[in-house]
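Dear colleague,

I am passing on the structure that you asked to see, and my notes on what was found in it follow below.

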Number of protein chains: 2
Amino acid sequence: MSEYEQMLRKFQKELNAGTVSLVLLAILDRTAEPLYGYQIAKRIEEGWQVGTPVKQGTLYPVLRSMEENGLLTSSVEPSVAGPPRKYYTITDAGRGVLGEWKSHWTRTRDFVDATLEGNVG
Amino acid sequence: MSEYEQMLRKFQKELNAGTVSLVLLAILDRTAEPLYGYQIAKRIEEGWQVGTPVKQGTLYPVLRSMEENGLLTSSVEPSVAGPPRKYYTITDAGRGVLGEWKSHWTRTRDFVDATLEGNVG
């Protein structure tokens, strides 16, 4: 891998670290029913269409940490085939946090876009 | 600081880690003359208007690492008052990297926005 590919990877990784939590909360906020990790990963993958940079394995620790912090609750249900599944639901606290993060996202996005369009700097 | 404030800080920090490098390159790409760290910080601050989450101190290591990776070059010039200043210029390699990062930014931004609008998940 070239130096520039490595830097692109690092850039993607940093950008994703911030956006994955936001995307997870937004997906769980919109859904009518609780979702398990793989379902959420699938929705992200479909949303990205080609080559999502979010690996499934990176979602699980984020989901766990959000549950520990009270943004999500979970219930474990048996599945027809395979191990039991952990279904996640967003809490009221999670909705509150989502609202705050959304407004920070909007400001950051508008600032980055303004800079790229040459209106800053 | 409450638990949710801590999480907002963490979210901001992660989101900034990805966007600061992009913003730095974009500002240096647009400017006609080389800029030193404080000038870049000022432009970012003005662009954000109120309460930028990007601290000046966080810019310097990013600038240094970009120079080490060949995205920027620098020259040290004496200043009328105070210590000499390090002026940064974007390189051709830096412009190439900026182009790639821009397209990754655009895809990520559109995906996050689509999710927040309820078109994903």
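Two strands are said to pair if DSSP finds at least two bridges between them, and the strands (E, at least two residues) and helices (H or I, at least four residues) are DSSP runs, numbered from the N terminus. This is a predicted model, in which local features need pLDDT of at least 70 and side-chain atom pairs count only at pLDDT 80 or more, while totals for chains, interfaces and linings use all residues. Residues are numbered from 1 along each chain as its sequence is written, and chains are lettered from A and ligands numbered from 1 in the order in which they are written.

In chain A, an open sheet of 3 strands runs in the order β1-β3-β2 with antiparallel pairing. Because β1 (35-36) and β2 (72-77) of chain A stand at the edges with a single partner strand each, one side of each is left without a neighbour in the sheet. β2(A) pairs with β3 (residues 85-90) of chain A over 6 bridges, in the antiparallel sense, and Ser75(A) has Tyr87(A) in β3(A) as its bridge partner.

Turning to the interface, chain A and chain B each bring 38 residues to the contact (C-beta atoms, placed from the backbone, within 7 Å). On the side of chain B that touches chain A, the elements giving two or more residues are α1 (3-30), α2 (37-48) and α4 (92-116) of chain B, and α1(B) gives the most, with 17 residues.

With best wishes

How values were computed. Two residues are in contact if their C-beta atoms, placed from the backbone, lie within 7 Å.
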